[in-house]
Amino acid sequence: MMVKREKYIEEIRKVMGKQVIKVLLGMRRVGKSTLLLQIQEELLKQGIKKDQIISLNFEWLEFEPLKEYKALYEYIESKKLKGKKSYIFLDEVQEVEGFEKVVNSLNSKGDTEVFITGSNSKLLSGELASYLTGRFYTIEVLPLSYKEVSEGFSKSEDVFIDYIRTGGMPGKFQFEEDRTAKNYLMDMYQSILLRDIVKRYNVRDVDLLQRFMSYLINNIGQIFSAVTITNYLKSEGRKLSKETIYNYIEAAKSTYLVHGVPRYNIKGKELMKTNEKYFINDLGIRHLYFDNEKDIGQALENIVYLELRRRGYEIYVGKFDDREVDFIALDGESTKYIQVTYLLAEESTIEREFSVLEAIEDNFPKIVISMDKVNRSRNGIIHKNIIDFLLED
């Protein structure tokens with residue numbers, strides 16, 4: 001299933017021809033390489049000649065000798081055509097030590113347009129960020145949205161149920177059997193754990209890391225406490241220090257396996273320093289170990305979180321007195337308060353989801369999202385069916 005990721009292509013078009021390094025960041029196998037190919041196809045359609053495009057993927061063995069930055073720079077310079085603009089594509093560039101010197105040098109010459117991808121959010125942090133200040137434009141690439149997955153189908157609940165269960169990693173759609181798709185996702189997950197976390201962060205106890213990740217993945221959308229996980233691991237006969245817990249979380253976030261969402265006190269108008277919530281980058285990974293349909297409330301919340309992230313919102317979990325608002329979504333101009341639940345089947349559920357929003361005294365939009373087909377909007381609070389919400393422009 002080759003999906004044209006128009007949203008990302010459109011964002012890249014805005015900076016085409018500008019002298020900034022275009023950076024695509026996201027989890028392994030999320031479709032960054034495909035996006036680079038789609039950009040190259042677009043360039044060829046515009047009349048750019050094939051020999052003006054230099055494309056390297058550092059996960060391929062043939063480019064192993066170019067993982068040293070001077071060798072990479074000399075190779076690219078030797079391939080560039082004199083008097084013509086070159087388009088350089090460097091896939092999984094974090095494999096090259098000192099790559100920033102190469103991309104900075106190429107970009108500063110003005111005759112080159114540079115596109116890079118990476119699977120570590122720290123790629124452009126610290127020293128590197130100061131080295132390339134103001135010279136890069138970053139786009140985060142997420143798994144396929146429900147809207148992308150459902151194209152070509154009529155509004156089908158079967159497609160949505162499958163999306164809840166197995167997520168939207170592009171590679172899984174090449175397999176017709178669930179078992180084969182599951183094997184593919186398992187290989188991908190283990191590769192992220194072993195290559196991007198264990199190797200990069202020098203994790204000594206791999207079994208402990210896997211148990212920790214299993215706990216984190218099981219408890220998506222729940223308020224996270226280091227004490228709870230310490231007690232859980234203690235019950236399994238394992239010890240984990242607070243410092244190691246936060247190191248593991250940082251490593252998982254840096255590889256885009258999970259996203260942390262801070263909590264915000266709506267009444268006190270302040271960020272809370274503890275108890276973030278975590279969401280997984282793709283529900284298919286959770287499905288390897290847990291039943292997303294059984295944990296439908298968590299799964300739907302995760303889907304809505306990722307959709308809000310795709311739409312560019314800054315996202316918080318809201319606290320209002322002793323109650324919780326699932327998401328506060330900010331876009332610079334306005335704020336949205338959002339509740340997510342499976343079904344508004346009982347009066348107690350309706351009361352729980354709507355009453356906290358009714359108690360917030362401002363005029364920003366307040367929305368309840370569920371799988372109900374009947375519209376339960378009340379008192380200015382909009383109720384949306386989740387499929388309708390995901391298919392919105």
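Predicted model: local features only at pLDDT ≥ 70, side-chain atom pairs only at ≥ 80, totals over all residues.

Biologist: In which sense do β2 and β3 pair?

Modeller: Strand β2 and strand β3 (residues 86-91) pair in the parallel sense, over five bridges. Strands here are DSSP runs of E with at least two residues, helices are runs of H or I with at least four, and both are numbered from the N terminus. Two strands count as paired if DSSP finds at least two bridges between them. As an example, Leu56 has Leu90 in β3 as its bridge partner.

Biologist: And with β4, how many bridges does β3 have?

Modeller: There are five bridges between β3 and strand β4 (residues 112-118), and this pairing is parallel.

Biologist: Which helix makes a β-α-β unit with β2 and β3?

Modeller: Helix α3 (residues 69-79) does, and the unit is right-handed. Right-handed means that, with the strands pointing away from the viewer, the path from the first strand over the helix to the second runs clockwise. Another right-handed unit consists of β3, helix α4 (residues 99-108) and β4.

Biologist: How many residues of β3 are buried?

Modeller: Six of its six residues are buried, so β3 is mostly covered. Buried means under 20% relative accessible area, exposed means over 50%, and partly exposed lies in between (1.4 Å probe, protein chains only). Ser86, Ile88 and Leu90 point one way from β3, whereas Tyr87, Phe89 and Asp91 point the other way. In a regular strand the side chains alternate between the two faces of the sheet. As for strand β2 (residues 53-57), four of its five residues are buried, so the rest of the structure largely encloses it.

Biologist: Changing topic: what is the order of the seven strands in the open sheet?

Modeller: The order is β8-β7-β10-β11-β12-β13-β14, with mixed pairing. The edge strands, β8 and β14 (382-385), each pair on one side only. Within this sheet, strand β11 (residues 323-330) and strand β12 (residues 335-340) pair in the antiparallel sense over four bridges. There, Phe327 has Ile338 in β12 as its bridge partner.

Biologist: What about aromatic pairs, how many are there?

Modeller: The count comes to 14 aromatic pairs. Rings of Phe, Tyr and Trp (its six-membered ring) pair if their centres lie within 6.5 Å; planes under 30 degrees apart count as stacked, over 60 as edge-to-face and the rest as tilted. The rings of Trp60 and Phe63 are stacked, because their centres are 6.2 Å apart and their planes are at 15°. Trp60 is partly exposed at 47% relative accessibility, whereas Phe63 is buried at 12%.

Biologist: Why is the pair of Tyr264 and Tyr316 tilted?

Modeller: Their ring planes are at 50°, with the centres 6.1 Å apart, so the pair counts as tilted. This pair links distant parts of the chain, with Tyr264 in strand β7 and Tyr316 in strand β10 (residues 314-320), 52 residues apart. Tyr264 is partly exposed at 24% relative accessible area, and Tyr316 is buried at 15%. Elsewhere, ring pairs link Tyr146, Phe160 and Tyr163 into a cluster.

Biologist: Last topic: how many cavities of 30 Å³ or more does a search of the whole structure find?

Modeller: The search finds one. A cavity is a set of points on a 1 Å grid over the protein atoms alone where a 1.4 Å probe fits but cannot get out, and lining residues have an atom within 4 Å of a point. Grid points are joined across faces, edges and corners, and the volume is the space filled by probe spheres set on the points. The largest cavity holds about 60 Å³ of space.

Biologist: Which residues line the largest cavity?

Modeller: Among them are Pro143, Tyr163, Asp282, Ile303 and Arg310. Helix α13 (residues 296-310) gives the largest share of the lining, three residues.

Note on methods
Residues numbered from 1 in each chain as written. Heavy atoms only, no water. 1 Å grid on protein atoms, 1.4 Å probe; cavity = no way out; pocket = protein on both sides within 12 Å on 5 of 7 lines; lining within 4 Å.
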